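Student: I have a model open and want to work through it with you. Where should we start?

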Amino acid sequence: MTIREASAQWQGTLKQGAGRLRLGSGVFEGAYSFPSRFENGPGTNPEELIAAAHAGCFSMALSAILGGDGHTADSIHTIAKVHLGATTAGPTITRIELETDASVPGISAEDFERLAQKAKTACLVSRALAGVATITLKASLVAQ
């Protein structure tokens, strides 16, 4: 099977330090810090990268499931919102909201919703994040 990697470098204390995240492919490298992770400071954070991974994985899973049912999407656009909250265990990803809009010729809204829910369950990232208490999906079929 394929192996993917990314790396993180951190220097300094938790609140005053700073770091860089880098994808193994080299297509992304960005700064992260306490403010970018737990406040609204500039830079990226691990949760944002999880959101990107989840949105990308879900979109591909939906495309595959639609194809398996005889449908080809003209387009699929997915946003993943990762909620970071406080629990007794400490900062925790408490919820992920997936929102997808797709243009799929010849499919009913009911079939699209059913297949989108199936994709949410089948997505590799959804399965990897099974410890997240709630992963929701809002799926909208774009009118043809």
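Tutor: Start with a cut-off. Buried means under 20% relative accessible area, exposed means over 50%, and partly exposed lies in between. Keep in mind that this is a predicted model.

Student: Is Asp 111 buried, partly exposed or exposed?

Tutor: Asp 111 is found in helix 3, residues 109-122. Its relative accessibility is 30%. That value falls between 20% and 50%, so Asp 111 counts as partly exposed.

Student: How far apart in space are Asp 111 and Asp 69, C-alpha to C-alpha?

Tutor: In sequence, Asp 111 and Asp 69 are 42 residues apart. Their C-alpha atoms are separated in space by 9.6 Å.

Student: Is Arg 4 buried or exposed?

Tutor: Arg 4 lies in the segment before strand 1 (6-11). Its relative accessible area is 73%. The cut-off is over 50%, so Arg 4 is exposed.

Student: What span should helix 2 have, at 1.5 Å a residue?

Tutor: Helix 2 covers residues 46-68, which is 23 residues.

Student: Which residue with positive phi follows helix 2?

Tutor: Its phi is near 90 degrees. The residue is Gly 70.

Methods
Residues are numbered from 1 along each chain as its sequence is written. This is a predicted model: local features need pLDDT of at least 70, side-chain atom pairs count only at pLDDT 80 or more; totals for chains, interfaces and linings use all residues. Side-chain values use heavy atoms; hydrogens and water are left out. Helices (H or I, at least four residues) and strands (E, at least two) are DSSP runs, numbered from the N terminus. Buried means under 20% relative accessible area, exposed over 50%, partly exposed in between (1.4 Å probe, protein chains only). The expected span of a helix is 1.5 Å times one less than its number of residues.
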